[in-house]
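These are reading notes for a colleague who is new to structures. Please keep the model open while going through the points.

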Amino acid sequence: MRHLLDTRTLTREAAVRILDTAEEMADTQHREVRKLPALRGKTVVNLFYEDSTRTRISFEAAAKRLSADVINFSAKGSSVSKGESLKDTAQTLQAIGADGVVIRHPASGAPDRLARSGWIDAGVLNAGDGTHEHPTQALLDAFTMRRRIFGAQASRGRDLDGVSVVIVGDLAHSRVARSNLWLLTALGARVAFVGPETLQPYGAREWPATVRHSLDEALREDAPDVVMLLRIQSERMHAAYFPNEREYARNWGLDDARLAALPERTIIMHPGPMNRGLEISSAAADSERSTVLEQVANGVSVRMAALYLLLSGERGDPRDRLPG
Ligand code: CP
């Protein structure tokens, strides 16, 4: 792998390899000294053209724990506001010697453009582009599912064959839903997309997902192991898309009544940021079956794995090289 741009093109084998490498990274995070020397001398740039909390601090923590030098670039407050292009910004990063560029951008395809442009030699990691993909989010979600379902010790080498995942909400604008669909189905899971007709992605019926409009029907028919709630992305939508908050919460929100009716084994996931009281009640978000904070913690291990596999230039089993 030279770049990580999407999950649509990841094979089962490549995905399991990243998840297994993330398990190795997670093992190192319980030590007294959590830092590994794997990327010493490398420079990682976090290039963020959109706001972020989790993804940006997680990539920064991951790169620092691998001993890379990290430069955080936010388009707000930079020369982007003076009209500087992606090309000129990228060539500036090339001039300072970036080895890895983690990019979040409102335009779908911007990371792919950067990777194929020839403007930089760095490995490119997509940290979320428009409504297209958010591959490390899907990988950390799959990692979290594997650990919750099989346990950390029994996760290695496993896929998610037969696991039922119901993804609920603003699917039309969700790069998280798309990345999860491609990754989870490659790993053998069954995926249902649940939401109002206006918030289903165009073309979803051609995709390997069951499309439903009723959450109660999905909870009954799909017997989910995982219910994943999504934020309503009002910044990306025309007002006419959205039912209204009360109607949405009543029909598609994971409220206290639906929480109480979930089977014991079902876990609740949300990529964040959450809108409590709309797509998820506070009781659901804070319940023991919620993995919201585990997802954040696991994101560091998964992003360490992605950075390591892309930027270390090493081949083979990382267990042979990580300090024991
Ligand atoms: N899940 C996620 O991408 O969160 P941020 O927007 O805070 O990075």
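1. Start with a term. A crossing of two helices is called right-handed if the near helix is turned clockwise from the far one by less than a right angle, and left-handed if anticlockwise. By that rule, helix 1 passes helix 12 in a right-handed crossing. The model looked at here is predicted.

2. Two packed helices are described by the angle between their axes and the distance between the axes. Helix 1 covers residues 12-28 and helix 12 covers residues 292-311; their axes are 8 Å apart, at an angle of about 115°. Angles of 65 to 115 degrees count as roughly perpendicular, so helix 1 is roughly perpendicular to helix 12. On the side of helix 1 the contact consists of Ile18, Thr21, Ala22, Met25 and Ala26. Helix 12 contributes Ser301, Val302, Met304, Ala305, Ala306, Tyr308 and Leu309. Sorted by class, this contact has 10 nonpolar residues, two polar ones and no charged ones.

3. Helix 1 also packs against helix 5. The angle is about 70° and the axes are 10 Å apart, which makes helix 1 roughly perpendicular to helix 5. Helix 1 passes helix 5 in a right-handed crossing. Which residues of helix 1 meet helix 5? They are Ile18, Leu19 and Ala22, and their partners in helix 5 are Leu139, Ala142, Phe143 and Arg146. The contact of helix 1 with helix 5 divides into six nonpolar residues, no polar ones and one charged. Note that Ile18 and Ala22 are listed in the contact with helix 12 and in the contact with helix 5.

4. Helix 5 (residues 135-150) has a contact with helix 7 (residues 175-186) as well; the two axes come within 8 Å and cross at roughly 55°. Helix 5 and helix 7 are therefore oblique to each other. Helix 5 passes helix 7 in a right-handed crossing. From helix 5, the residues involved are Pro135, Gln137, Ala138, Leu139, Asp141 and Ala142. They meet Val176, Ser179, Asn180, Leu183 and Leu184 of helix 7. By class, the contact of helix 5 with helix 7 has seven nonpolar, three polar and one charged residues.

5. Strand 3 (residues 100-105) runs parallel to strand 4 and is joined to it by five bridges. Valine 101 stands opposite valine 124 in strand 4.

6. Most residues other than glycine have a negative phi, and most peptide bonds are trans. Serine 67 is not a glycine, yet its phi is positive, at about 70°. Serine 67 is in the loop between helix 2 (54-65) and strand 2 (69-74). Glycine 272 and proline 273 are joined by a cis peptide bond, with omega about -5°. Proline 273 is in the loop between strand 9 and helix 11 (282-285).

7. A last point concerns the record. An unreviewed UniProt entry places the feature "domain: Aspartate/ornithine carbamoyltransferase carbamoyl-P binding" at residues 2-146. Over residues 2-146 the chain is 40% helix and 17% strand, and the C-alpha atoms at the ends are 25 Å apart.

Definitions and conventions. Residues are numbered from 1 along each chain as its sequence is written. This is a predicted model: local features need pLDDT of at least 70, side-chain atom pairs count only at pLDDT 80 or more; totals for chains, interfaces and linings use all residues. Axes are lines fitted to C-alpha atoms, for helices over the stretch in contact, and angles run from 0 to 180 degrees between N-to-C directions. Helices (H or I, at least four residues) and strands (E, at least two) are DSSP runs, numbered from the N terminus. Angles under 35 degrees count as roughly parallel, over 145 as roughly antiparallel, 65 to 115 as roughly perpendicular and the rest as oblique. Two residues are in contact if their C-beta atoms, placed from the backbone, lie within 7 Å. Ala, Val, Leu, Ile, Met, Phe, Trp, Tyr, Cys and Pro count as nonpolar, Asp, Glu, Lys and Arg as charged, and the others, Gly among them, as polar. UniProt positions are given in the numbering used here, feature names are shortened, and annotations may be inferred rather than shown by experiment. Two strands pair if DSSP finds at least two bridges between them.
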